[in-house]
Structure formats: structure tokens, C-alpha cells
Number of protein chains: 2
Amino acid sequence: MSTDTWISAEDRGLQYGDGLFETITCVAGRPRWLALHLQRLRDGCQRLQLRIDDFDALAEEITAMAADHDRCIIKLILTRGLARRRGYRPAGDETPTRILTRYDWPVSSPAASEQQGFRVAISSVRLGMNPLLAGLKHLNRLEQVLAQSAMRDAPLEEVLMLSSAGQVIGGSMSNVFFADDMGLFTPALHQCGVAGIMRELVCAAAARAGIPVQVRGVEVGELPRLREAFVTNVRWGVQPIAQLEGRALDARSHARELRRLIDAAQP
Amino acid sequence: MSTDTWISAEDRGLQYGDGLFETITCVAGRPRWLALHLQRLRDGCQRLQLRIDDFDALAEEITAMAADHDRCIIKLILTRGLARRRGYRPAGDETPTRILTRYDWPVSSPAASEQQGFRVAISSVRLGMNPLLAGLKHLNRLEQVLAQSAMRDAPLEEVLMLSSAGQVIGGSMSNVFFADDMGLFTPALHQCGVAGIMRELVCAAAARAGIPVQVRGVEVGELPRLREAFVTNVRWGVQPIAQLEGRALDARSHARELRRLIDAAQP
């Protein structure tokens with residue numbers, strides 16, 4: 001851990017998880033897809049009514065932090081700010097707290113598996129459904145913590161999480177796409193899940209390549225029929241699933257093509 | 001706000017809401033129901049696998065903080081601690097962070113309404129369901145923040161929140177009890193909600209007084225038939241609902257008796 005930033009224990013980010021975050025990958029001294037990250041943050045601020053308007057200054061600061069670093073990760077946390085009174089209800093005029101931290105690019109797992117594709121199982125930890133929070137990268141992440149804790153030393157790189165209603169939503173730290181004869185499909189995120197930047201990039205790249213992508217409810221019962229699946233996030237990019245619940249998936253063609261398209265379009 | 005405590009921005013309490021809290025009321029220099037608060041905290045630590053064992057030292061510290069104060073509130077936050085690596089998965093050997101803050105007893109609302117009973121409506125913000133988190137007073141509280149935000153300046157002291165499946169769970173910062181001809185009933189909290197200390201005290205007092213209390217699923221459709229309801233938390237105690245969704249509730253007998261019993265048994 002590389003920061004020595006301190007925040008007040010009265011910050012609503014700590015007290016209630018009242019805030020948002022972004023994890024920005026930086027390569028060759030430049031943050032990748034920064035505009036998309038900031039757009040999602042802006043949407044999140046609107047939905048949670050966080051009052052922040054200096055997005056340009058924020059972009060400059062992130063860009064400056066990335067300079068002179070071959071590969072790094074910048075995590076941005078934005079909370080509603082210091083509690084102005086006790087209790088859940090915001091006063092409405094809080095000044096948001098902004099925390100920027102630069103991390104080394106992780107060298108650890110799952111690098112070894114990136115060539116072979118990921119081993120993925122279905123988590124027993126499910127996601128509570130709340131349309132008001134769905135899609136947001138907010139600071140209430142206990143469900144993901146529990147899902148990752150439950151993986152322990154299992155030979156898995158990721159787990160898929162279902163909603164409390166039993167639909168497939170995505171990975172604990174990624175989005176998921178599936179392929180069938182009709183093209184690609186990925187879970188709708190109206191009830192839970194995080195609307196990932198790489199998910200957006202995959203949808204855009206697929207559209208350019210003429211590959212149809214359906215965004216829809218996905219049932220667990222569909223999984224055994226599928227021949228290709230991949231998970232996505234900005235660090236992993238497009239990562240094929242080689243094993244899903246122990247069953248081998250050998251198709252890779254969509255993942256390969258999308259990865260190529262996204263790499264080619266890289267800012 | 002009265003504290004100058006600072007925590008690392010790397011604390012998992014901030015990063016993921018990975019922790020628990022207790023709000024302890026103190027009267028005449030003594031914390032009330034401290035053993036129950038610590039028991040709930042201990043249960044929460046077991047369920048989230050937070051490693052803390054010095055509950056006796058914690059009890060002493062809270063007791064010392066309350067001394068010499070006629071009325072105050074002590075908030076305890078316990079997080080999993082400093083992140084030992086990036087990502088949701090705990091390393092497993094984190095040292096929990098413990099934050100104790102003393103606040104003045106609030107003089108503001110809803111003191112004025114405590115004599116007349118509370119005005120309560122049903123919130124449009126629903127609670128995601130997750131049996132692994134249900135009952136815990138954990139730090140993922142965005143749903144309560146949204147519910148309280150949505151109340152804005154409405155003439156209400158509390159809102160009732162439903163689960164995503166539409167069952168009544170409790171207030172945004174309280175538990176709820178209802179009365180019918182059979183006795184009392186209160187929502188089961190297997191899927192969401194916080195298992196409040198005052199809820200526990202009410203159930204115990206009712207048992208001593210021979211009043212049956214059913215803990216069960218409660219449907220919204222049952223509410224229009226009821227004549228008595230009350231919300232509970234350690235600060236409000238047993239607080240009659242005078243208006244539920246605009247409909248007057250005039251029965252108070254159970255609330256009055258339970259309040260008397262709990263006051264009489266006060267530690």
C-alpha cells in the first residue's frame with residue numbers, strides 16, 4: 001500500500017460508504033479511457049446527489065499522476081464529504097472528499113492464467129437488488145468482499161455472482177459476456193452490478209465489428225449450453241473463461257477479436 | 001461533529017464499507033445495554049470474520065468515555081483494518097481499526113414529536129436482500145442514506161422500508177412493531193434489516209409481560225388494518241406511530257406498557 005493519505009473518521013465515506021470510486025489503469029504515462037471513467041463518475045454524482053463540478057481539474061490531476069509511470073493504477077475515491085450532522089440524512093451542502101492514490105501495476109495473480117483463460121465458478125454469495133444503486137461503482141462493497149473471501153484458495157481467478165432473484169449479473173470484480181449462435185449477450189444491470197468501462201468498450205467495439213450484443217436478463221440455466229464466455233475489466237481487458245463451473249469452454253474467437261479491436265482503438 | 005480522529009485512506013472501512021458499527025446511548029455517566037451492543041458486535045465480527053478479541057478492554061474504554069456525562073452518544077466503528085493488498089479479498093490477517101467517538105445527545109428533531117407520536121410513511125427506497133448481511137449493523141448504508149435523503153422536508157419523523165420483494169422490514173433507522181388482536185408482530189430480518197438492540201429489549205419485555213410477539217414476514221397489505229404500531233431504537237426507545245401513510249393510529253397501550261417495562265428494567 002502506497003499512500004499516506006488520511007481522512008476524518010467523520011467522513012461519510014467511512015460512516016456509510018456514501019461515495020463512489022474509479023479504478024483507472026495507466027499505461028505509458030497516460031490514463032486509459034479517462035473520459036469514460038469521469039463520465040461514469042459524473043453520472044454517479046448525479047444519482048447520489050454528490051456536489052462536484054471540477055471534473056476538468058480532476059482530469060488534469062489524474063493525468064499528472066500517471067506521467068512518468070510506465071504502468072500504474074490510480075484509484076479515485078469520491079465521498080459525500082465530512083458529516084455535517086449525525087445520522088444518515090445528508091445536510092445537502094457537504095463538500096465532497098476526493099482521494100487519489102497511485103498503485104503499482106499488480107504483478108501477482110492472475111497473470112499466470114491470462115494465457116490459458118480464467119477458471120470461474122458461481123459464487124454462493126448473491127447480490128441484493130436495488131435499482132437506485134445498480135450500475136454505480138459505489139463504496140458499499142461488502143457483497144464483493146464476501147464473495148472474494150469465500151474463494152479462499154480455490155483454483156479460481158474469478159466468480160460469477162447472481163442476484164438475489166437468481167439471475168447472472170457479473171463477476172465479483174468484472175463484467176461477463178456470453179456467446180451463442182446469435183452473437184454476444186451480457187447481463188442487464190438494472191437491479192444490481194457495476195456498469196464497467198471495459199463492458200462499455202466491448203459493446204462499442206462489437207457494434208463497430210457488426211457483432212450483435214444483447215443486454216438482457218441471463219438465467220443460470222443457460223450457462224451449460226454456452227461454448228464461449230469472457231470476463232472484462234479495465235485491468236484484465238477481455239479475458240476468456242477457460243473453465244466455467246468445472247466445464248471446459250474452448251471457443252475464444254469473439255474474445256480474441258474484441259481484444260484486438262479494443263487494443264487497436266486504445267487511446 | 002466532535003472528533004479529530006483520522007484514519008488511513010487505505011482502511012477497508014472506507015474502501016469497501018468493510019466493517020461494523022454500534023451506536024451506544026449513555027445516561028447518567030453510564031452506557032446503556034452495553035453487553036447487548038458488544039454481543040451484537042461479536043456476532044457481526046464472527047459473521048464477517050473480523051479478528052477482534054479484546055471485548056473487555058473495549059467495554060472498559062466505552063465505560064470510561066461515558067463517565068462524567070449526563071447524556072451522550074458513543075459511536076463505535078470497527079473496520080477490518082488497513083488493506084494489506086489491493087482488491088476486495090481480505091488477506092485474513094488484517095488488524096481491525098477501532099474508532100470511538102462521543103457525541104452530544106441530539107437536542108433537535110424529532111423531540112417535538114415524541115409526545116404526539118411519529119408521522120411515518122413508506123419509503124420508495126427499497127432494501128436489497130442478502131441473508132449473509134441481514135441483521136448486521138454494517139457500514140454499507142447507502143440505502144438508508146437514500147431513504148433519508150428522499151424524506152427531505154416532508155413532515156415525517158421516520159420512513160418504513162420494504163425489501164426488494166416488497167415485504168415490510170423496518171424504519172430507516174429503527175425497527176418496527178405492529179399490534180393486532182393476537183398480540184405484537186415484527187418483521188423477520190433474515191433477508192435484510194438491522195437487528196436492533198431496542199427490538200431485542202422489546203421482545204424480552206413482552207415475553208416477561210406475557211404479550212405474544214410473532215417474528216414473521218409482514219406484507220404492506222396488512223398495514224391498513226392495524227390500529228397500533230411503534231418504532232424502536234436505543235435513542236427513541238419505544239416510539240408510537242401516530243400517523244402511518246397519513247392514516248391516524250390512536251392505539252398506544254402496547255407501546256406505553258413496553259416503554260414502562262423497559263424503563264423499569266433499565267441498567
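Student: What rotation superposes chain A on chain B?
Tutor: The model is predicted. Superposing chain A on chain B leaves an RMSD of 0.0 Å, with 0.0 Å of shift along the rotation axis. That is the relation of a two-fold axis. The rotation is 180 degrees.

Student: What percentage of the contact residues of chain A recur in chain B?
Tutor: The contact takes in 48 residues of chain A and 46 residues of chain B. The same surface serves both copies. The share of contact residues of chain A that recur in chain B is 96%.

Student: Which element of chain A gives the most to the side that touches chain B?
Tutor: Strand 1 (6-8), helix 1 (12-16), strand 5 (97-104) and helix 4 (142-151) of chain A each give two or more residues to that side. By class, the side of chain A that touches chain B holds 24 nonpolar, 17 polar and 7 charged residues. With 8 residues, the element that gives the most is helix 4 of chain A.

Student: Which residue of chain B stands opposite I7(A)?
Tutor: Strand 1 of chain A pairs with strand 1 (residues 6-8) of chain B. The pairing is antiparallel and runs over 3 bridges. In strand 1 of chain B, the residue opposite I7(A) is I7(B).

Student: How far apart do the C-alpha centres of domain 1 and domain 2 of chain A lie?
Tutor: The domain assignment of chain A places domain 1 at 12-104 and domain 2 at 111-265. Their contact takes 15 residues from domain 1 of chain A and 11 residues from domain 2 of chain A. The C-alpha centres of the two domains are separated by 24 Å.

Student: Which element supplies the largest share of the side of domain 1 of chain A that touches domain 2 of chain A?
Tutor: Both strand 2 (19-27) and helix 2 (34-48) of chain A supply at least two residues of that side. Its residues divide into 4 nonpolar, 7 polar and 4 charged. The largest share is 6 residues, and it comes from strand 2 of chain A.

Student: What is the radius of gyration of chain A?
Tutor: The C-alpha atoms of chain A fill a box of roughly 55 × 45 × 35 Å along the principal axes. For 267 residues, a compact globule would have a radius of gyration near 18 Å, and the value for chain A agrees with that. The radius of gyration of chain A is 19 Å.

Student: What percentage of the residues of chain A count as buried?
Tutor: The secondary structure of chain A consists of 6 helices and 15 strands. A residue counts as buried if 20 or more other C-beta atoms lie within 10 Å of its own. Of the 267 residues of chain A, the buried share is 47%.

Conventions: Residues are numbered from 1 along each chain as its sequence is written. Chains are lettered from A and ligands numbered from 1 in the order in which they are written. This is a predicted model: local features need pLDDT of at least 70, side-chain atom pairs count only at pLDDT 80 or more; totals for chains, interfaces and linings use all residues. Domain bounds come from an automatic or database domain assignment. Two residues are in contact if their C-beta atoms, placed from the backbone, lie within 7 Å. Helices (H or I, at least four residues) and strands (E, at least two) are DSSP runs, numbered from the N terminus. Ala, Val, Leu, Ile, Met, Phe, Trp, Tyr, Cys and Pro count as nonpolar, Asp, Glu, Lys and Arg as charged, and the others, Gly among them, as polar. Copies are superposed by least squares on the C-alpha atoms of residues with pLDDT of at least 70 in both. The radius of gyration is taken over C-alpha atoms; the globule rule is 2.2 Å times the number of residues to the power 0.38. A residue is buried if 20 or more other C-beta atoms lie within 10 Å of its own, exposed if 12 or fewer, and partly exposed in between; C-beta atoms are placed from the backbone. Two strands pair if DSSP finds at least two bridges between them.
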